[in-house]
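Let's take a walk through this one together, a piece at a time. Have the viewer open and follow along.

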Amino acid sequence: MNESIRQLTCDNLTKIYGNSKTKALDSVSFSLPSRGIFVLIGRNGSGKTTLVRILATELEPTSGSAKINGLDVVREARKVRERIAIVPQEARPIPWMTPTQTVLSYLLWRGFRYSEAKRRTLATLETLGLGRSLNALNRSLSGGMKRKVMVATVLSSEAEVVFMDEPTTGLDPISRREFWETLREIGRDRFTFLTTHYLEEAEQLADQIGMLDHGHLIRIGTLEQLQKSVTHNYSIKILSKPAPTIPKLEKGEIVTAMDGSVRVLTAEEEAFRISRELTKAGYKFTINPVSLDDIFFYLASRKSGE
Amino acid sequence: MTSDRGLIRKRSLFSQILAAVLVNSVYEMSNFPIVLINTVLSPLSFLVVIVFVSHGSLIGEAVLGGFIMSMFSAGVGLQGDLSHLKNDFKLQDMVVSSPTSWQTFMFGMAISEIVYAFPALIVLVILAHYYLQLSALGALSLVGVLLLMFLTSVAIGFTLSTFSTDIVQSFAFSRLISTLFSTIPPVYYPITYIPLPYRYLAYLSPTTYAAELAQNAAGYVALTVTTIAVDWVILIAVTAALFLVARGKSRWREI
């Protein structure tokens with residue numbers, strides 16, 4: 001495919017559900033190469049699922065447009081569907097079916113002939129480490145294995161673009177880390193659009209990260225680019241409530257979110273000076289190098305303050 | 001790793017229909033065989049009651065009613081099954097974002113319901129062989145009626161399934177349809193058994209016309225040519241109207 005059209009583009013994408021007065025998505029515009037793994041992060045209700053459902057042709061936008069590899073997701077939905085696959089939020093394998101039957105039937109739905117569908121099914125399930133559970137009922141599988149079965153459906157397909165909406169929600173931390181390997185595997189081979197509210201997941205997996213808050217896209221870029229959004233390298237997260245008065249800063253910023261939570265973003269030496277004073281005063285806090293979580297907190301607070 | 005991507009040159013429509021049949025009937029019946037008993041029992045239970053109450057005199061009508069209700073229940077069953085697969089497993093979301101069209105999905109799922117009804121239909125065919133006297137034209141007429149009943153119920157079931165958002169709504173729809181189309185209308189016995197003022201209510205349901213035509217085909221009632229023609233027109237019109245509603249109003253893709 002011509003590299004110039006291997007793009008995912010959204011232009012002023014807006015979605016208002018029914019008679020709601022709030023915008024689930026508010027003029028979201030971006031363009032990025034449809035390669036590798038793109039992770040969209042945001043809190044619950046930030047509009048992540050709405051954006052995914054529009055791009056996956058399940059939902060029509062109220063206004064604006066979106067294109068995947070040059071194809072409009074509304075006007076050319078049929079062509080788009082030939083090229084995409086999705087694991088929706090809360091999707092799970094049907095309990096009375098086996099992993100083989102689950103993946104095989106999905107490929108048949110995509111129009112593969114039976115023999116080809118069977119070959120792909122067995123190869124994918126083996127790759128994902130489900131070779132011993134091919135004919136076990138889905139209901140007998142662990143939570144992590146069930147997620148793998150769902151991922152196997154899209155992984156075994158011919159789709160160039162794969163959407164996965166919060167695929168790791170509900171998994172325990174160890175299973176989630178193991179599951180990342182599977183997600184990396186998918187991203188090696190096709191463009192993977194992933195949503196999550198685990199920021200650590202974005203740090204680990206993403207080639208590009210988008211930040212969505214209250215329907216607004218507040219920043220998009222590589223991890224390095226996002227890190228440059230914050231000029232300070234240390235973060236103090238105040239845990240005591242109500243938050244204490246922060247000692248006067250020589251350099252850095254005090255960021256207060258809408259819910260009243262406070263973080264101090266500053267340089268290393270200054271961070272340790274403030275932490276000594278907070279300790280002396282008996283306040284609870286954590287101190288860390290700036291993480292994606294801090295960047296998101298910083299950008300979301302700034303956006304809400306505008 | 002499966003890396004052989006790229007568009008499939010020709011997608012198999014047969015595969016897409018087969019997928020529906022496998023997911024919604026074959027896998028369920030093979031992995032969970034107790035459902036086979038249920039599929040046989042539900043349409044036959046009312047038949048048995050009618051035969052006992054009438055001391056066997058209405059067995060022919062009851063067999064015809066069993067056929068009609070098997071086909072109608074098969075189509076309406078689509079509502080519950082699709083709602084369940086859509087709301088609890090997000091299957092519709094996955095299929096919407098795939099090359100399968102809503103028409104293919106609905107057709108495949110409809111076929112799957114027929115497959116699911118096979119055990120009951122086999123028992124009914126055996127009973128029909130012993131208790132029904134059908135001419136070639138009568139048999140053809142019965143098949144036509146059953147086909148229309150199935151299509152009508154498929155259109156109702158599919159449309160409602162795209163609207164239901166949870167299992168409670170789905171149950172509510174099922175009960176309403178069951179009461180309106182199978183309990184009130186005289187499907188298992190002649191319409192003359194219903195006192196006159198209430199008889200007109202029965203004519204609100206397409207299953208009543210289907211039962212009349214089926215009973216006429218088997219010689220249990222003698223309809224005039226005009227009545228037969230009117231019954232056919234009504235059944236065809238209802239089926240066509242419901243398909244138009246399914247096309248225009250079903251929420252395959254959300255707006």
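A residue is called buried if 20 or more other C-beta atoms lie within 10 Å of its own, exposed if 12 or fewer do, and partly exposed in between, with C-beta atoms placed from the backbone. Helices (H or I, at least four residues) and strands (E, at least two) are DSSP runs, numbered from the N terminus. What you have on screen is a predicted model, where local features need pLDDT of at least 70 and side-chain atom pairs count only at pLDDT 80 or more, while totals for chains, interfaces and linings use all residues. Residues are numbered from 1 along each chain as its sequence is written, and chains are lettered from A and ligands numbered from 1 in the order in which they are written.

Start with chain A. Its secondary structure comes to 10 helices and 14 strands, and its C-alpha atoms fill a box of roughly 70 × 45 × 40 Å along the principal axes. Of the 306 residues in chain A, 45% are buried. Chain A is split into domain 1 (3-226) and domain 2 (231-289), with bounds that come from an automatic or database domain assignment. The centres of domain 1 and domain 2 of chain A, taken over C-alpha atoms, are 37 Å apart. Two residues are in contact if their C-beta atoms, placed from the backbone, lie within 7 Å. Look at contacts in chain A between residues at least 6 apart in sequence, and 69% of them join residues at least 24 apart.

Helix α1 (residues 48-55) is largely enclosed by the rest of the structure, because 8 of its 8 residues are buried. Those buried residues are A:K48, A:T49, A:T50, A:L51, A:V52, A:R53, A:I54 and A:L55. Just after α1(A), A:T57 has a positive phi of about 65 degrees.

Helix α3(A) is mostly covered too, with 10 of its 11 residues buried. The buried ones are A:P99, A:Q101, A:T102, A:V103, A:L104, A:S105, A:Y106, A:L107, A:L108 and A:W109. What do they pack against? In chain A, the buried residues of α3(A) meet α4 (114-127) and α5 (143-155), and in chain B they meet α1 and α4. Just after α3(A), A:G111 takes a positive phi of about 100 degrees.

A couple of other backbone spots are worth a click. A:S27 lies in strand β2 (residues 25-33) of chain A, and its phi is near 50 degrees, a positive value in a residue other than glycine. A:S27 counts as partly exposed because it has 15 C-beta neighbours inside 10 Å. A:E90, in the loop between β6 (84-87) and α3 (99-109) of chain A, also has a positive phi, near 70 degrees, and is not a glycine. With 15 other C-beta atoms within 10 Å, A:E90 is partly exposed.

Axes here are lines fitted to C-alpha atoms, for helices over the stretch in contact, and angles run from 0 to 180 degrees between N-to-C directions. The axes of helix α3 (residues 59-89) and helix α6 (residues 136-163) of chain B come within 8 Å and cross at roughly 20 degrees. That makes α3(B) roughly parallel to α6(B); angles under 35 degrees count as roughly parallel, over 145 as roughly antiparallel, 65 to 115 as roughly perpendicular and the rest as oblique. The residues of this α3(B)–α6(B) contact are 15 nonpolar, 8 polar and 1 charged.

On to helix α9 (residues 206-217) of chain B, which packs with α6(B) at an angle of about 165 degrees, their axes 8 Å apart. That makes α6(B) roughly antiparallel to α9(B). From α6(B), the contact uses B:G138, B:S141, B:L142, B:V145, B:L148, B:M149 and B:T152, and from α9(B) it uses B:P206, B:T207, B:A210, B:L213, B:A214 and B:A217. The residues of this contact divide into 9 nonpolar, 4 polar and no charged.

Notes: Nonpolar A, V, L, I, M, F, W, Y, C, P; charged D, E, K, R; others polar.
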